[in-house]
Amino acid sequence: MTSSRNIRLFLCLAASVSADSDSGSIWPPSDVYWDGQCTACPAKLYSHCSRGGVLVGERSCGFGGMYCEGKCTEPLLSGAPEPTLYWDGQCTACPASLYADSHCALGGTIVQERGCGPAHAHCEAKCRLPPSTPTPQPELYWDGQCKACPARLYSHCSQGGTLVGDRGCGFLHVLCEGHCAKPAPAPEGADWIIVGGGASGCTAAAALADAGEDVLVLERGYSDLDVPKTEFANTWPEVVNTKAAQNIRWNDGTWGAVANVLGGGTEINGGLYIEEEPEYFEKNFGQDFNTSQFYESSRWVAEQLAEPLQPSSYGHRFVRALHEAKAGSLDPKPSLRMSSNSSWVAYSTFNTTERTWSRRGAGDLLHMRSDMTNLRFYTNYQVMKINFENGRATSVQVQNNFKETVTLAARKGVILAAGAIFTPQLLQVSGIGDPALLRDLGVPEVVSNPDVGQNFVDRNILNFGVWSSERGPLNVGYAMASNSSSQITFETEAWGKVASSFAIASLALVPPDQRTELLRKTMTPLFEGPIAHVMDNMIQFVALNHQTFSRGSVTAVSTDARKPPSVTANHLKDPRDLEQKFTAMAALQELIESQAMADLVGAKSFSGVNAVVPVYLSCIQNGPQTDAKAIIVPCLPDAPASREQYIEYFRKTTVSSYHYFSTASHGKVIDGPEFTVKGTSNLHVVDASVFPNPTRVNPQGTIMAMGHYIGTLLAKKEKARQLTEMV
Ligand SMILES: Cc1cc2nc3c(=O)[nH]c(=O)nc-3n(C[C@H](O)[C@H](O)[C@H](O)COP(=O)(O)OP(=O)(O)OC[C@H]3O[C@@H](n4cnc5c(N)ncnc54)[C@H](O)[C@@H]3O)c2cc1C
């Protein structure tokens, strides 16, 4: 009922928004090419961009101009090797992309197709093999059995392995022969197995491998090279709605997003790279923490991946707004480290000195080392559980890229880097957790620890999208500021596809209980289409609260680690978090209403919209509901609004911050200098789950440095052990 009403509302809005002639140059100009593929329209439904790059437009082609050809940006300028293309020899019904699962037997993605079979009525796919793809390549064979189509209905693969596709055979090609992949020889293990090739996993791997240790990284998701939208700033917002991200609905109704790709969150995030101050580590990690070693790791990671953001006219405007609000100086300096009481120019993993603003995520640290024989990394390898002998982690059970279950030995240790959602789940399904939960799951207890998965933090934030009278190129950050009395860090993003993409990911234009998957399916074509022209006129003002008092939990619901755990954030359960929302609202309004922003955000309404719209978009056509000078989305309550009305507003517009922490936190689940899981040996955790409290700034810099720091300590300890043995 609710959903159908929303569908109607969005359709109304879509119908009434006139096509925006100012689709504008919102993206730094780059070389483009027409890809010569003529498919049904719109081009984005099909696989275009055979030379690589990203689809940025289309034009009519084919009979009567009924079809569409794609316009693509030239591929990476970041020195990445050229992709290898191959025709996969499988002839299925057209378009080949409908059978995406059965094509590209050597791996990679479909980039083109051509007619095949009788009268060219079928289609064969051309695939792009990711360069230095870490997944071992299978040996393929045609099984010589000609049966009814599709082959997967019958038993093929007489020499073993899995069916990866089929081709026409028999009279007029009406029957099908199976194409099979023999199981590739699996790795038998390594000295160190790192579970999760994300922010912390890749840096831990680099530290250990650079010190000469034998390392195997197992990442459940795709290679980042297989998802082109991970590679550039302009496609950053859209990437949260691709296969590189997994959208999980919390029990509170809000949607979280976690990475499902090599490089983890660093391949799908907004790129801001900031390190915490020393006092944070003293408070959260105690005496054993080697702060100077940590900052060496942080500097090392930043040197590999980060650059200070470049100024822009919008960036300067934000600097002046921060200054007016007494939150920052007029001349902020680039700084890796936050400053708890002033402003600074942030570092970013997007290289904004480059024309294409390419991303350097944590996955790059592994690609750069793909020629090292002591470092191997596999994608599509899902770790299902950790095995123990007398409390010592000895191996992991894995579902490999052929969906076979194998056990891989970890001779020196297992390092968990699966992130704050999946690390506690893996601990629980492996027998470490609350005894009552382990009993319910039917998992034999290895260590009783009720704190595993508790304390979950989804950071308290306030995000206002503000209507702007002009539209410039995408901005991701520039200056930031932090204030210790209001306990807020300020950041901004502007234009690009930030607003429309995150509207799809969060569904936050309706209250949490209405944010269903069905609504997303309805909204997506609208928010990627006509509504994007409206939404993406917005700039974002974000307040990150330093502390989040409400704590939730992450609980495995099955022994199958592929099933997402049950996540409860308990947003705003603690009244102190509500008070922070009021403080953040006042602080953001001061920025929005500053002189610096006045001519940009002064628009009173958006002409062109004349429709019934959801309540949190209504100010777009009616103007601001309060006496605010700007249109703020989600639309504020009608003025004069009571405290209770604001509280209801905060509750109904709550979104996930995508900054998750504390589910295997230091002191509760792990301890010791090398972050060892309590009650075990050889099992360490290095990801966001170890942080007892949220970092006061965007966390990826601190998390990546933490992975490198623990990797360095483990390598040093191992060297010391070897020396002792020699003596
Ligand atoms: C949309 C978005 C925007 C963000 N913006 C910013 C920003 O601008 N700046 C910033 O500092 N931070 C940002 N963040 C947060 C930051 O990216 C994360 O805090 C960080 O990546 C967490 O690091 P991690 O190592 O704990 O986990 P992740 O980076 O998530 O890595 C965990 C990896 O483990 C893999 N994995 C999980 N389970 C298994 C398993 N069973 N077997 C094998 N592999 C597994 C996952 O696929 C993933 O690749 C953002 C996050 C998101 C989602």
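I started with Ser200 and the ligand. A polar side-chain atom of Ser200 sits 2.7 Å from a ligand oxygen atom. The model is predicted, so I treat this as a computed distance.

A polar backbone atom of Gln700 lies 2.6 Å from an oxygen atom of the ligand. For Pro699, I found a polar backbone atom 3.1 Å from a ligand oxygen atom.

Then I checked how covered the ligand is. On its own the ligand exposes 1000 Å². The protein buries 94% of that area.

H8 gives the largest share, 3 residues.

Which residues come nearest to the ligand? I noted Ser200, Glu219, Arg220, Gly265 and Gln700, out of 38 residues around the ligand. Ser200 and Gln700 were already in my notes, Ser200 for a side-chain atom and Gln700 for a backbone atom.

I sorted the shell by class. I have 20 nonpolar, 15 polar and 3 charged residues.

Last, I looked up the record for the stretch that begins at residue 419. UniProt, in an unreviewed entry, places "domain: Glucose-methanol-choline oxidoreductase N-terminal" at residues 419-433. In the model, the end C-alpha atoms of residues 419-433 are 17 Å apart. I read the span as 73% helix and 13% strand.

Note on methods
Residues are numbered from 1 along each chain as its sequence is written. This is a predicted model: local features need pLDDT of at least 70, side-chain atom pairs count only at pLDDT 80 or more; totals for chains, interfaces and linings use all residues. Side-chain values use heavy atoms; hydrogens and water are left out. A residue is near a molecule or strand if one of its heavy atoms lies within 4 Å of it. A polar contact is a pair of N or O atoms within 3.5 Å; within protein, one must be able to donate a hydrogen and the other to accept it, and residues adjacent in sequence count only if both atoms are side-chain atoms. Accessible areas come from the Shrake-Rupley method with a 1.4 Å probe; for residues, only the protein chains shown count as cover. Helices (H or I, at least four residues) and strands (E, at least two) are DSSP runs, numbered from the N terminus. Ala, Val, Leu, Ile, Met, Phe, Trp, Tyr, Cys and Pro count as nonpolar, Asp, Glu, Lys and Arg as charged, and the others, Gly among them, as polar. UniProt positions are given in the numbering used here, feature names are shortened, and annotations may be inferred rather than shown by experiment.
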